[in-house]
Amino acid sequence: MRVFRALRVSMRGLFAHKVRTVLAVSSAAAGVVAVVVTGAIGEGAKEEVLRQTERIGTNLLVVRPVQVRNSPIRPKLKGVVSTLSLDDYRAIAELPHVWAAAPGFENSATVKAEGHAMTAVLLGTTPPYMDTSGFHLHLGRFLSADDDLGARRVAVLGARVNDVLFGGQKAIGQQIRVRNIPFEVIGVLDAKGVLADGSDEDDRVIIPISTALRRVFNSTWLNPIFISVNDVSNMDKVRTELAELLRNRHRIDRADMADDFSIQDKTKVLAVRKQLAESLTLLATGLAAASLVVGGAGILALMLMSVKERTAEVGLRMAIGAKPRDILVQFLLEASCIAAAGWIAGIAVGTSACVIISRTTTWKTSISPELALGTLAVVCTSGLIFGAYPAHKASLLLPIQALRTE
Amino acid sequence: MIELQNIGKTYQRPSGEPVEALIDVSLQIERGEFVAIVGTSGSGKSTLMNIIGLLDLPSRGRYFLGGQDVTTLDGNRQAEMRNKKIGFVFQSFHLLPRTTALENVELPLLYSDRKSIRDMSRRALEAVNLADRIRHRPSELSGGQQQRVAIARALVNEPDLLLADEPTGNLDRQSALEVVSMFQSLNRAGRTIVLITHDREIASYAGRIVKLERGSKASDDRVTETRVVMQEAQ
Amino acid sequence: MKAIRLASHSMRMMKRYKLRTSFMMLGSFIGVAALTFVVSAGQSAERKVLEMVTQMFGDSGIVIRVGGGEDVGGPRGAGTRLKIDDIAAIAKEVPGIEDWDPMQTLTTSIRHGDATDNAQIFGESERWQQVWNRSASRGDSFDETAVASLARVAIVGPTVAKELFGNDDPVGADIQIGAVPFKVIGVLESWGTDPHGMDRDNEVIVPITTLMHRLAHEDTISGAKLLLKDPASSDAIKVQIRKILRERHGLSPGQPDGLTIITPTEVRRMVGKVQRVMFVYLPLVAAIALLVGGIVSATLMLASVNERVAEIGLRRAIGARAEDIRLQFLMETAITIVAGGLGGITVGFLVALFSAKQMHLGNVDPWMAALLGIVASAVVGVIAGVLPAVRAARLQPAEALR
């Protein structure tokens with residue numbers, strides 16, 4: 001009950017000096033708003049940046065057959081093993097966390113059209129390839145499931161192949177000859193240009209995998225299989241499950257037997273992406289901290305001012321029997337009330353601001369419950385800390401000092 | 001010198017009701033007079049004083065100071081009048097804390113065009129017998145000493161009119177009499193003095209007593225026999 | 001002069017009321033410090049983010065490749081035979097080239113003891129690390145002397161190291177590339193797979209001269225990479241490169257040159273997108289910092305002025321005109337803003353510097369932020385510090401004194 005009485009005293013104290021109370025509350029609120037909004041924006045910006053950078057396939061895994069091990073018996077043997085199959089691919093596509101998977105068979109081939117010829121990279125694959133490669137269609141359409149079922153002779157051209165063979169002419173519907181087999185052009189890809197590692201994907205001609213395996217290359221095995229994982233955090237998990245799956249399917253069940261496949265990711269890109277995410281998070285955190293300090297400083301300054309001005313009031317209270325501890329508690333409670341009120345106001349304003357931001361930009365701003373509670377904890381704590389010093393000063397006043405106005 | 005015509009002052013209370021502090025007060029004070037305004041609390045004497053001192057504007061009526069209708073003057077001209085023509089001694093002194101007596105006294109001079117400020121302030125403090133305390137701050141002075149600093153400040157710019165609101169309210173008897181004696185000698189030197197007091201004895205040292213009751217003038221009498229303060233032996 | 005007198009009086013008063021003056025300065029200080037910190041740290045973070053994104057996507061490089069375009073006639077057709085000097089000439093004649101690296105490649109087997117690995121061998125100049133943004137994660141790379149002397153040194157990729165050496169450290173060991181003995185001097189940084197599914201860790205880098213003369217017996221190169229100073233200029237520079245190369249090889253218009261020049265199209269698009277995000281992010285955050293600083297600033301100033309209404313009333317009672325009050329408060333505000341602002345810039349800058357070091361953000365540049373902060377403080381100061389004072393000055397002295 002003493003708590004309630006103390007609380008009432010403090011509330012009355014706050015209401016008596018309305019202007020200063022309002023100012024102090026707005027200081028605290030400003031700090032909270034800043035934290036909430038910068039936190040949400042920081043998350044939003046980070047998500048956006050990371051989303052944009054997904055296109056280069058940070059979540060890409062590639063499964064390849066390994067090179068044939070040199071055996072002393074057949075030293076001239078070169079090339080890769082032929083154990084990766086379409087069934088493997090279908091099994092892989094069923095794994096959890098796999099966003100998209102596409103089988104592939106890749107080799108160089110001469111492509112001719114209308115008197116032009118060039119050496120291109122021929123890739124047989126299926127529709128999900130678009131999801132693993134980050135390509136966009138420039139014209140026409142990509143391969144369809146029907147194309148694959150029927151092992152049709154249709155092709156999608158890379159930007160440079162289109163330029164060399166057809167110049168500025170319309171390529172869709174035209175005929176090209178791949179290894180002297182006629183194909184119809186159904187689509188053209190957007191140019192990617194040169195990538196970080198110097199690789200270049202605009203020199204491809206993409207055809208259905210069944211067409212590639214049966215009609216062009218006469219093969220039954222794949223090289224490679226492209227896999228896109230749904231989230232960077234699942235990369236390791238998928239990698240492990242993938243390895244297990246293939247070992248099972250290829251009957252590699254003894255520890256001393258080497259894998260006949262290799263799984264790779266884009267190591268460097270992943271590393272840089274991690275750094276990127278960390279930097280952005282740190283920045284947002286730094287800003288949030290700065291905001292809270294600023295808001296807290298406002299509370300401190302105003303509380304100090306308040307104590308100074310109210311020395312007479314404090315002296316009077318002490319003269320009629322308040323103990324130093326009562327004064328301390330009174331001011332501490334006032335500071336806490338200010339902090340709490342500031343938090344409420346700050347959350348309200350901050351939330352509305354976030355709503356406005358997410359309406360006007362494409363960012364997703366999210367205010368996690370942790371953020372809200374976290375700010376409450378911090379604001380109350382800073383209210384107590386920043387209010388403690390002034391409160392302590394107030395409780396040290398002697399009644400006579402206080403009653404003697406300057 | 002001072003002519004108040006049908007002065008009325010109405011306040012708005014926070015609840016919205018109007019309060020009539022002054023109702024139709026007319027008053028004339030000649031140059032060189034020593035007037036005491038008396039009344040119980042709530043009679044409107046402080047309000048009247050504020051109007052005379054140009055600290056507040058009346059709600060109704062006209063105020064002529066030195067022949068000029070000062071109620072129609074703009075803010076700056078009024079400030080000028082307060083600086084040059086009026087010296088106001090407040091009941092609660094209103095000295096600037098953390099400021100020396102000398103600096104407090106020279107404050108009006110800062111807003112004037114006068115030149116030798118330091119000298120004038122020093123002389124003013126000497127005139128109120130505080131020459132040895134010019135560097136003291138209000139917190140280091142007694143109530144009586146603070147009052148004298150306030151008087152010195154009111155006089156430093158040599159105004160024609162000296163107004164004092166309960167100048168002896170916080171003083172002990174000896175200090176109070178000293179202050180009244182000072183007023184009397186200032187009056188003899190030609191200054192017009194108007195003061196508010198609730199103390200009949202202090203009022204009796206003036207030349208004229210105006211009594212206010214609930215916002216109106218109740219009486220206005222000349223003092224028949226002016227008493228002079230006897231300087232008691234130190 | 002009256003104004004000077006009032007000014008020195010104001011300053012004296014400010015010194016007497018140290019706490020109150022400090023509060024007013026605190027407002028300006030906080031506002032400017034917060035803004036300086038946010039904007040400078042933010043700017044360097046933005047720069048760092050763009051740097052990293054560029055790293056991820058691909059730097060501002062143009063790649064020249066022999067072939068990759070139309071096949072005409074024989075293996076290299078009537079097109080150019082690209083030489084190292086050609087690239088050197090381009091780097092000299094075209095402004096805007098930051099660095100360059102020639103390239104020649106062949107695929108062959110590498111042997112160490114009983115182990116063999118088939119890998120791609122790249123011959124490059126001593127500047128390959130900067131140009132390709134890949135480094136030797138263990139050991140060393142070779143310098144220009146090695147290139148000049150056709151040194152037989154090699155930097156092997158992690159896959160090659162694993163195939164040939166298992167878990168042992170390959171640095172210092174001897175290997176055989178084709179028929180030529182080499183010494184391993186370093187291990188390549190792991191890149192993983194490229195979009196073709198090719199293992200970029202199954203590569204070996206040797207000096208280009210060594211590869212050309214000792215391994216491939218060629219005097220031409222298969223391509224080169226050039227780093228640009230300004231990524232936006234890639235299209236223009238592409239045109240210039242082709243012109244110079246055609247001139248140097250005496251090609252007449254219409255004659256195919258058998259060269260492919262690839263610019264980082266997608267890269268620029270991506271970097272542009274990220275830039276736009278940061279473009280919105282930074283000003284938004286700065287605006288918030290400004291707002292918070294402004295509110296706290298205004299708060300402290302308003303509180304100070306509120307306290308002094310009685311003082312203002314007294315001065316008016318004594319004869320101060322409204323403009324005298326305004327002058328006094330303007331002066332006080334100006335001094336507090338400057339003093340607080342200077343302090344704020346210093347602290348904000350130091351904090352930004354400290355955080356930038358922690359986050360490896362690079363250089364920090366506070367001037368824009370500081371300027372913004374001072375202007376903002378001035379605005380806040382006038383609105384929250386001077387205007388209320390002038391309003392109080394307009395009151396009747398009796399009211400103010402109450």
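Residues are numbered from 1 along each chain as its sequence is written, and chains are lettered from A, with ligands numbered from 1, in the order in which they are written. Because the model is predicted, local features need pLDDT of at least 70 and side-chain atom pairs count only at pLDDT 80 or more, whereas totals for chains, interfaces and linings use all residues.

The model scores ipTM 0.81 and pTM 0.67. Within chain A, confidence is lowest in helix α13 (residues 399-403), at a mean of 60, and highest in strand β6 (residues 154-157), at 94. Where pLDDT is low, the predicted coordinates should not be read in detail.

Secondary structure was assigned from DSSP runs, with helices (H or I) of at least four residues and strands (E) of at least two, numbered from the N terminus. On this basis chain C has 13 helices and 10 strands, and chain B has seven helices and 10 strands. Buried residues (20 or more other C-beta atoms within 10 Å of their own, with C-beta atoms placed from the backbone) make up 53% of the 402 residues in chain C and 45% of the 234 residues of chain B. Contacts were defined by C-beta atoms, placed from the backbone, lying within 7 Å; among those in chain C between residues at least 6 apart in sequence, 82% join residues at least 24 apart, and the corresponding share in chain B is 67%.

The contact between chains C and A takes 69 residues from chain C and 75 residues from chain A. On the chain C side, α2 (18-57), β1 (61-66), β3 (115-124) and α9 (265-307) each supply at least two residues, and the largest share, 23 residues, comes from α9(C). This side has 37 nonpolar, 21 polar and 11 charged residues, where Ala, Val, Leu, Ile, Met, Phe, Trp, Tyr, Cys and Pro count as nonpolar, Asp, Glu, Lys and Arg as charged, and the others, Gly among them, as polar.

Across this contact, the axes of helix α9 (residues 267-309) of chain A and α9(C) come within 10 Å and cross at roughly 5 degrees, the axes being lines fitted to C-alpha atoms over the stretch in contact and the angles running from 0 to 180 degrees between N-to-C directions. The two helices are therefore roughly parallel to each other (angles under 35 degrees; those over 145 count as roughly antiparallel). Residues that meet here include A:Leu287, A:Val294 and A:Met305 in α9(A) and C:Val285, C:Val296 and C:Leu300 in α9(C). The residues of this helix contact divide into 11 nonpolar, five polar and two charged.

The contact of chain C with chain B takes 21 residues from chain C and 21 residues from chain B. Here α1 (2-16), α10 (309-318), α11 (322-358) and α13 (397-401) of chain C each supply at least two residues, and the chain C side has 10 nonpolar, three polar and eight charged residues.

Within chain C, α11(C) packs with helix α12 (residues 367-394) at an angle of about 155 degrees, with their axes 9 Å apart, and α11(C) and α12(C) are therefore roughly antiparallel to each other. The residues of the contact between α11(C) and α12(C) divide into 14 nonpolar, eight polar and two charged.

Definitions and conventions: Two residues are in contact if their C-beta atoms, placed from the backbone, lie within 7 Å. A residue is buried if 20 or more other C-beta atoms lie within 10 Å of its own, exposed if 12 or fewer, and partly exposed in between; C-beta atoms are placed from the backbone. Angles under 35 degrees count as roughly parallel, over 145 as roughly antiparallel, 65 to 115 as roughly perpendicular and the rest as oblique. pLDDT is the predictor's confidence in each residue, from 0 to 100.
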